[in-house]
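Let's take a walk through this fold together. Have the model open in your viewer and follow along.

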Amino acid sequence: MQEDIGRIINELHLYEKKVLKSLESSKSITPEEVVNSQKLDIKSVMSASGSLASKEIIDVQKDVEEILSLSDDGENYAKEGLPERKLLNLLQQEGTVHMKDLGVKSGLNPSDVKIGVGWLVRKQWAKINQGEVNITDKGKEMADNLGEDEKLLAALMEKGQISLDILDHELQQGFKLLKSRKGLIDIDKNTSHTLILTEKGQEILNQGIVIQEEATQLTHKQLKSGEWKNLKYRGYDVKAEYPEFNPGKMHPLRRIIEEIRNVFINLGFNESKGPILESAFWNFDCLFQPQDHAAREMQDTFYIKNPSHSKLPDDILVSKVAQAHQNGGETGSEGWGYLWDKEVARQSVLRTHTTGVSARFLAENEPPLKMFSVGKVFRRETITYKHLPEFHQVEGIVAGDEVNFRNLLGILKEFYKKLGFEVRFRPAYFPYTYLSTECEIYLPEKESWIELGGAGMFRPEVLEPLGIDTPVAAFGLGIERLAMIRLGIKDIRMLYKSDIGWLRKLPITQGVDV
């Protein structure tokens, strides 16, 4: 234990030693007394005291004294009397007064009449019956006596300031009444501290501490002259607490999006972007989604009022898409067998997926190509722990003469592998792809599979109007659900709550390097 005390003394700061030295002759002392005896400023004394308290060498006792004084309104009431007192004086003379006559007869303004009547009833000085205000027996008794709150007003008017701690029971009740009225009493808080020596602190003093200057940094002059050899060096506590540090860092959802971007870029994909406000033509029609499809109903899609219609591409492409819908065009398909409506295709929508970006890219670029896009999409979803009307999706296509369904599965398998997941595929249906599949990843902790996106080979009815005669593999994957798994959260809304406590606890980096 002796060696431990010696180590503690060696690690004490000079100011800590001075504060502790002040307690040699007394078991307790105020910071102000330390300031006078040790010639330190109060800030240094309080800082050193806090450090000593954290090491259990002293205790710092904090006392808060509340000082009461009158506000301007309180001073006016103390001089002129409370509104209910003026009304009580009137009732003592007349016994009963109608509500509508109180203001005129008492000389109070409507606001004070309302306040006064309320307190008359609360204090049981009067009762109201069918608009008539009648004095009560308690009111008659109080006509010649001051209430608890009035006594406190008088005392504060006389003394200016009074400590709340010295008020007797009666004036304490008066304080509660005046405090509930708000704005009549000002409360100032005087905080004082007392430094009290602990047993550990006494053991340190018994062993003895020496007050001398200590070196924490060496100068060039001290090193050159050899003076450093004679300096007293302060010890350092390697176990001392350090301040919490909250560095700036990327939002976890943005970090996962960037990780996904890096995966596709490293796989040789080019990134593309497209508009959030899209025409129904690019969002639905160009993807061979019929105009009576359930997903195009207003309960599933956000339609825009202004602008209500969007510009369509050139007439040749529009005509080919129309023919694909009506009779399959030159694809050999029968199409959907209905009369395609150009005005429906012109409707403005918030894009429901990023596949429109893929369609636009194919219309403007010739295969072979590999493209991906990441962006927000919108659907009319009820907000729950697992659904949002606004979320992110990553979309991609691979086009070339040799591209087939097995290539698509291989790309997706490699993508999920780089993110640290095992993936499997099961058959699915989408209007614009055939063959089609859904991607599921395995969660070891739940021993279950979860669906994260869809993929497939674009149908001829999608490709032929765009002038593409090579196979095109396409995929679209949700990001928020993937983020929930990676971050270990069960409520998708956490990704958008900006919960600063949760965000600070997340590591700066997380996930698999790509």
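Start at Gln222, which sits in helix H13 (residues 220-225); helices here are DSSP runs of H or I with at least four residues, strands are E runs of at least two, and both are numbered from the N terminus. Is Gln222 buried or exposed? Gln222 counts as buried because its relative accessibility is 15%, where buried means under 20% relative accessible area, exposed means over 50%, and partly exposed is in between (1.4 Å probe, protein chains only). Leaving out residues up to four places away in sequence, Gln222 touches Gln217, Glu227, Trp228 and Leu231, with contact meaning heavy atoms within 4.5 Å.

A quick word on the ground rules: this is a predicted model, so local features need pLDDT of at least 70 and side-chain atom pairs count only at pLDDT 80 or more, while totals for chains, interfaces and linings use all residues. Residues are numbered from 1 along each chain as its sequence is written, and side-chain values use heavy atoms, with hydrogens and water left out.

Now hop over to Lys18 in helix H2 (residues 14-21). Lys18 also has a charged side chain's name on it, yet at 16% relative accessibility Lys18 counts as buried. Not counting residues up to four places away in sequence, Lys18 touches Gln38, Leu40 and Ile211.

Helix H3 (residues 31-38) packs with helix H4 (residues 42-54) at an angle of about 115°, their axes 9 Å apart. Axes are lines fitted to C-alpha atoms, for helices over the stretch in contact, and angles run from 0 to 180 degrees between N-to-C directions. On the H3 side you'll find Pro31, Glu32, Val34 and Val35, which meet Ile42, Val45 and Met46 in H4.

Strands pair if DSSP finds at least two bridges between them, and an open sheet of 3 strands has the order S3-S5-S4 with antiparallel pairing. Its edge strands are S3 (96-98) and S4 (126-129), each pairing on one side only. Ignoring direction, neighbouring strands of this sheet are turned by 25° against each other on average. S4 is joined to strand S5 (residues 132-135) by 4 bridges; Asn129 has Glu132 as its bridge partner, and Lys127 has Asn134. S4 and S5 form a hairpin with 2 residues between them, and Gln130 in the turn has a positive phi of about 55°.

The other sheet to look at is an open one of 7 strands, in the order S8-S11-S12-S16-S15-S14-S13, with mixed pairing. Strand S8 (270-271) and strand S13 (423-427) stand at the edges with a single partner strand each, so one side of each has no neighbour in the sheet. Strand S14 (residues 433-443) and strand S15 (residues 448-458) pair in the antiparallel sense over 9 bridges, and in S15 the bridge partner of Thr433 is Phe458. H14 packs on the sheet, touching S8, strand S11 (369-378), strand S12 (390-399) and strand S16 (472-478), and its direction makes about 165° with that of S11. Helix H21 (residues 480-487) packs on the sheet too, touching S12, S14, S15 and S16, with its direction at about 150° to that of S15.

Finish with the nonpolar cores, meaning sets of buried Ala, Val, Leu, Ile, Met, Phe, Trp, Tyr and Cys residues joined through side-chain atoms within 4.5 Å. The largest has 42 residues, and Ile260 and Tyr416 have the most contacts inside it. Helix H14 (residues 252-266) gives the most to this core, with 6 residues. Ile260 touches Val394, Phe415, Leu419, Ile479 and Leu482, not counting residues up to four places away in sequence. Apart from this core lies another, of 27 residues, among them Leu312, Leu317, Val321 and Leu466.
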